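Visitor: I have some questions about a model. Can you put it up and walk me through it?

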Amino acid sequence: MKQNEKQTREELIDPKLRLAGWTVLDKKYVVEKSKACLETPVSGMPKTHENPSGNGFVDYTMFGDDGKPLAICEAKKSVVNEEVGRVQACLYADALEKQYGVRPIIYYTNGFTIKIIDGIYPPREVFGFHKKDELEHLIQKRSHNLVDNVPKAQICGRYYQMDAIAEIIKNFQNKRSRSLIVLATGTGKTRTACGLSDIFIRNNFVKRILFLADRKNLVTQAKEETFDKYLPDIPMATIIEGKHEGAKDARIVFSTYQSMLSIIKDTTKAPFGIGHFDLIIVDEAHRSLFNKYAEIFNYFDSLMIGLTATPRNDIHKSTYKVFDIDTDTPNYEYDVQKAVKDGFLVYYRALERTPDILKNGVTYDELDEEDREQYEELFTEDDGIIPEKIEGKQFYSVITNKDTIRAVLRDLMEEGLKVNNGDTLGKTIIFARDHNHAVMIQEEFRKMYPELCNPNATNGVDYCVVIDNKIKYNEVLQREFKNKQDIRIVVSVDMMDTGVDIPEVVNLVFFKKVMSKIKFWQMIGRGTRLCENLKVVSPSKAYFERMTNNISRQFYQDKQGFLIFDVCNVFNFFKLNPDGREDKTDGVLSLNQKIFMEKVALFKAMQNRYAMLTLEDKDMYVAIRDGLVGEISSFNRNYIGVQNNLQYVEKYSNIANWESFNQQKFTEVKKHIAPNIIGESDIEFARMFDYLAYRFSATKLVQNNNFAKTAKAIYDLAKYLSNNKKHIGEVASHIDTLNHLQTDDFIKNTTATGMDAIRIEIRDLMRYIEREILEPIISDFDDQISNFGDAPDDDVDFTTTVDDFKSYEEKVKFYISKHTDNNLIYSIVNLQAYEESDVLTFKDELLGLAKTQEEYETLFHSDKEIVHFIRRNMEINPSAIQEFLDNQKSKGRTDAQLAYIKELIIFINKNGKFERKDLLKEELHFAGLFDNLQIVSLLTDLESVL
């Protein structure tokens, strides 16, 4: 930590001035044009006992080419608040204004925090210092007025667009530097932005504008279809994928958030100063952008306008906070209902089309023979158990059912709105879950409707195409879909759900779960635009606007509305969850950042329990501390995120500040240090195991209630590898460790050092676990890092055992395997008649294993099922089978009959139960082997021992 003003200047302030292009003079009291001068003398300061002459010396004065001061900076040492110097800085500015006739821009800083007073807006924090030309422009702006403030009708002549612009101008004139505007999708957000830009530029109110969007196609669409068209004489440039040729000289720059961040992140290489843009227009402003790309908004010192189609009640309060709005009321709102009423948009009807398989799942006993075979092939567990039911929710994220896809496509082709007098399916967007799902939809469509497919595929065009970021040259397909007629169905994965302006779209298919209310409204917005001369066969406009339920269709020249096929219960979800699923984007850390914080949590836990640590753990404690300090010390100080948190980077680069590491320090590291961690580019699944390993040790040391969940995750991973991947040599060589992870000894006796050794040994094995197996185990954890306090949770039951991780079924199986001498189990395994009293006695024992009566009854619906379960999970004694066969042979059974009886017993062993109809199973080849008397005799013998 810098302790005095001289150090603060030399190590913090001077480098930031040089970064802005200023030459900082070595000599004091010298005034030189175009330089940052030190200790510039001034007179006319208030006379006090300490300063009877009224003379003073300005810490820094930045002079322009004309020799007049552009800005001054009052510096204080880094250990005091920068506000201490505000009044002093203002007095210096007063004195210089009297001397030179121009009031300089005022900075005051402690090296870490820099604040500015520009004479236009209230004091505010800035990332750094402005360049010389930027300061000149700031001073000139003081005299700029928006005299000609009427938008051009050809750009945005609708009343609400003009009203929105008027509100923004009014907000800026009231000294508010940020505005948030809500305009429903399709009502012309981009045109409004263009009209406002035209006003600002022609009044010289802004010099340069930055238009930000989150996708390349949105950036190019805004520039090429609106700004180029209506402002052809304004120099413009586009920044995509980090290429910024011509951007420095452009009045309006269009960029994706990702590209802009990539070129300014390292401030020593940034092509733009902090004041290069004096207006930023944020397309589709919502909280995730301000969290993910906060460094952009922290770096640039500019006015900001946020545009969004999200209704006011669905905008998160943190977004309002970004725009300095205390209430949940944006500066202007024009919602979809108003737009429909005014005739500027059309509305929708949502059709409930969620298939039964997604609502209710699949129950084995309800399937026909053909479907049962497919069910057995897909879902039979490794131990041969066939689950009674697969829940519907599993089909959303794990299973893609082709019959469901075909049913959805058939419904779309039959019920979707048609155009060209009813001869052609209207343009349709299907929102798919992921790329593989999208490809399956496309493939099934080709199988079902080969006559509609395009055999030539010019430009990749087909009736049904996939558009997502895995398709190379997907922009070609987007243009074809927008401007031509050959593509009728686009299957999209997170590409066509926002910012795509295709008025001809009349059918939307929600074929994925949607949890975000913002995403929900964005997807709906794909269909709301008006479209003339569509020649659509459709219900009336009144039907879509809920004024009638008459669904009859007839010919209309223009688009009346659009249909949404809700395949995934999306609308019901938002009725039950009006705010959508909680958005956890605030403070969400990457996997490497989570690992870093779990190391911090482990360090804190070890410090709190230092006296209890083994010698090896104490060595590990030192190694973790040194590693954390070393990683922070290696930060690139030129990065925006590091600069913004430099005070904390300096603090935690000092090993002394890790002593007495309390919860306040933990929170500081999480907030100010962790987001700047980059970490290793290692195998993702191995790093996931690192995360669990550090979490295991940390939560165990402080007996935190997350310990059981963490231990179970490690147990599940080890169990999966040992049960399913031991045929792989690398896994087999670590089988003893994997088995150890499934024991109580591991849970109770593993030290932090021991866990770390295990982590290093088996982390690479995680690559053998399929993503769909591993991710649910990992994703069960909150995004938030362990946030335990300094004291243990005394009310936590810390008696975790491996038994706690097993399902009730697993517990019963284990219990049976360990009690083979039980009367009931012995009788079943040896094909002997059992007593009903033995069943009831064993039932009491099984009830003792269950947490609740309901858990027991879920597995055992009747007492008879106990017998079936035991038989299914225990191998019948081969000598008992042979004894039964010998008895049958004594009754004159032929060799063919005996072979059948043996097959039948094996079948009964596998399935647990036997019914007379099972004799007719094709695989048992029963037909013709026995006469009626033999059948009766055999059944009597079997039923006597089953």
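Guide: Arginine 433 and aspartate 434 form a salt bridge, with the closest N and O atoms 2.9 Å apart. A salt bridge here is a side-chain nitrogen of Lys or Arg within 4 Å of a carboxyl oxygen of Asp or Glu. This is a predicted model, in which local features need pLDDT of at least 70 and side-chain atom pairs count only at pLDDT 80 or more, while totals for chains, interfaces and linings use all residues. Residues are numbered from 1 along each chain as its sequence is written, and side-chain values use heavy atoms, with hydrogens and water left out.

Visitor: How many salt bridges does the structure hold?

Guide: The structure holds 50 salt bridges. One of them joins arginine 9 to glutamate 5, with the closest N and O atoms 3.0 Å apart.

Visitor: How far apart are arginine 9 and glutamate 5 in the helix?

Guide: They are four residues apart in helix α1 (residues 5–19), so about one helical turn separates arginine 9 from glutamate 5. Helices (H or I, at least four residues) and strands (E, at least two) are DSSP runs, numbered from the N terminus. Arginine 9 counts as buried at 11% relative accessibility, whereas glutamate 5 is partly exposed at 28%.

Visitor: What about aspartate 626 and arginine 625?

Guide: Their side chains meet in a salt bridge, 3.2 Å from N to O. Aspartate 626 counts as partly exposed at 36%, and arginine 625 as buried at 15%. There is also a network: Asp690, Asp756, Arg759, Arg763 and Asp764 are joined by salt bridges that share partners.

Visitor: New topic, strands. Which way do the residues of β26 point?

Guide: Gly561, Leu563 and Phe565 point one way from β26, and Phe562, Ile564 and Asp566 point the other way. Six of the six residues of this strand (residues 561–566) are buried, so β26 is largely enclosed by the rest of the structure.

Visitor: Which strands pair with β26?

Guide: Strand β15 (residues 347–352) runs parallel to β26 and is joined to it by six bridges. Tyrosine 348 stands opposite phenylalanine 562 there. Strand β23 (residues 505–510) also pairs with β26 in the parallel sense, over four bridges, with asparagine 507 opposite leucine 563. Two strands pair if DSSP finds at least two bridges between them.

Visitor: And β4, what does it pair with?

Guide: Strand β3 (residues 56–63) pairs with β4 in the antiparallel sense over four bridges. The two form a hairpin with five residues between them, and glycine 67 in the turn has a positive phi of about 85°. Strand β5 (residues 105–109) pairs with β4 in the parallel sense over five bridges, and glutamate 74 has tyrosine 108 in β5 as its bridge partner. Seven of the seven residues of β4 (residues 69–75) are buried, so β4 is largely enclosed by the rest of the structure.

Visitor: Which residues have the most contacts inside the largest nonpolar core?

Guide: Phe200, Ile489 and Phe510 do, in a core of 118 residues. Apart from it lies another core, of 66 residues, among them Leu613 and Phe685. A nonpolar core is a set of buried Ala, Val, Leu, Ile, Met, Phe, Trp, Tyr and Cys residues joined through side-chain atoms within 4.5 Å.

Visitor: Last one. How many aromatic pairs are there?

Guide: The structure holds 42 aromatic pairs. The rings of phenylalanine 520 and phenylalanine 574 have centres 4.5 Å apart and planes at 40°, so that pair is tilted. Rings of Phe, Tyr and Trp (its six-membered ring) pair if their centres lie within 6.5 Å; planes under 30 degrees apart count as stacked, over 60 as edge-to-face and the rest as tilted. Phenylalanine 520 is buried at 4%, and phenylalanine 574 at 7%. Both belong to one aromatic cluster, which includes Tyr348, Phe510 and Phe562.

How values were computed. Buried < 20%, exposed > 50% of the residue type's maximum accessible area, 1.4 Å probe, protein only.
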